[in-house]
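Here are my notes on this one, in the order I would go through them with you. Have the viewer open while you read.

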Amino acid sequence: MARPEHKRDLVALLRQLQAQGWTVEQTARGHYRCVPPPGGGKVVFVAGSGDRRAIYNARTDLRRNGARL
């Protein structure tokens with residue numbers, strides 16, 4: 001189970017992406033689909049669990065696809 005502070009970190013990460021022009025949508029299964037702005041990298045899916053490792057992996061994938069985090 002995710003700790004509340006990790007869930008807050010996930011929400012903060014998604015807000016940072018939106019501020020950079022990324023589109024963030026929640027899928028039917030609770031994951032987040034992060035679409036980069038035009039001319040950016042690939043679409044990145046982020047686990048909706050909000051656990052520490054999922055957030056770390058999401059940051060890595062997002063940086064590889066052009067996010068400034």
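**Notes on the fold**

1. Start at C34, which touches L14, L17, W22, T23, V24, K42, V43, V44, V46 and L62, leaving aside residues up to four places away in sequence. Contact here means heavy atoms within 4.5 Å.

2. A word on the basis: this is a predicted model, where local features need pLDDT of at least 70 and side-chain atom pairs count only at pLDDT 80 or more, while totals for chains, interfaces and linings use all residues. Residues are numbered from 1 along each chain as its sequence is written, and side-chain values use heavy atoms, with hydrogens and water left out.

3. C34 also belongs to the largest nonpolar core, which has 14 residues; L14, L17, C34, V46 and L62 have the most contacts inside it. Such a core is a set of buried Ala, Val, Leu, Ile, Met, Phe, Trp, Tyr and Cys residues joined through side-chain atoms within 4.5 Å. Two or more residues each come from helix 1 (4–19), strand 2, strand 3 (44–46) and helix 2. Helix 1 gives the most, with four residues. (Helices, H or I of at least four residues, and strands, E of at least two, are DSSP runs numbered from the N terminus.)

4. Now the hairpin. Strand 1 (residues 23–26) and strand 2 (residues 32–35) run antiparallel and are joined by four bridges; pairing takes at least two bridges found by DSSP. Five residues sit between the strands, and G30 takes a positive phi near 95° in this hairpin.

5. V24 lies in strand 1. Is V24 buried or exposed? At 19% relative accessibility it counts as buried, the cut-offs being under 20% for buried, over 50% for exposed and partly exposed in between (1.4 Å probe, protein chains only). V24 touches L14, L17, Q18, Y32, R33 and C34, again without residues up to four places away in sequence.

6. How many salt bridges does a search of the whole structure find? It finds two, counting a side-chain nitrogen of Lys or Arg within 4 Å of a carboxyl oxygen of Asp or Glu. E25 is partly exposed at 36%, and R33 is partly exposed at 30%.

7. The other salt bridge joins D61 to R64, with the closest N and O atoms 3.8 Å apart. These two are three residues apart in helix 2 (residues 52–64), so about one helical turn separates them. D61 is partly exposed at 31%, whereas R64 is exposed at 66%.
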